[in-house]
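Here is a short briefing on a predicted model.

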Amino acid sequence: MTTDLHPASIAEIADAARSWSLECAELAARLITPTLTVEFKEANRRNPVTAADHAVEERIRALVAERFPTHAVLGEEGDASSGVRLPAT
């Protein structure tokens, strides 16, 4: 799949990403505490996840949906219903 993006569109996306990265870094910093609870995604305990991970991804999804409603987010922490569904090949 290809898409043609105007350079101004790319610049707008990059500006938003920079701003959002700072906001989400602050969010994660507030949520990481000395009593941090770590869960694991699989039984082998090799894929840790925290409340901060979930909160940051949820915030990014909300920001993208608000500013770029036609864009999708492929994230690591969300369930299948919150991510992008790729077409079958």
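Six residues make up the largest nonpolar core: Ala16, Trp20, Leu63, Val64, Phe68 and Val73. Helix H1 (7-31) and helix H2 (51-67) are the elements that give two or more residues to this core. A nonpolar core is a set of buried Ala, Val, Leu, Ile, Met, Phe, Trp, Tyr and Cys residues joined through side-chain atoms within 4.5 Å. Helices (H or I, at least four residues) and strands (E, at least two) are DSSP runs, numbered from the N terminus.

**Contacts**
- Trp20 touches Ile60, Leu63, Val64, Arg67 and Phe68, leaving aside residues up to four places away in sequence (contact: heavy atoms within 4.5 Å).
- Glu57 lies in helix H2.
- Glu57 is buried at 11% relative accessible area; buried means under 20%, exposed over 50%, partly exposed in between (1.4 Å probe, protein chains only).

**Salt bridges**
- The whole structure holds six salt bridges, each a side-chain nitrogen of Lys or Arg within 4 Å of a carboxyl oxygen of Asp or Glu.
- Glu23 and Arg59 pair at 2.6 Å, N to O. This pair links helix H1 to helix H2, 36 residues apart.
- Lys41 bridges to Glu77 at 2.7 Å. Lys41 is in the loop between strand S1 (38-40) and strand S2 (48-50), and Glu77 in the segment after H2.
- Glu77 is buried at 15% relative accessibility.

**Basis**
- Residues are numbered from 1 along each chain as its sequence is written, and side-chain values use heavy atoms, without hydrogens and water.
- Local features need pLDDT of at least 70, side-chain atom pairs count only at pLDDT 80 or more, and totals for chains, interfaces and linings use all residues.
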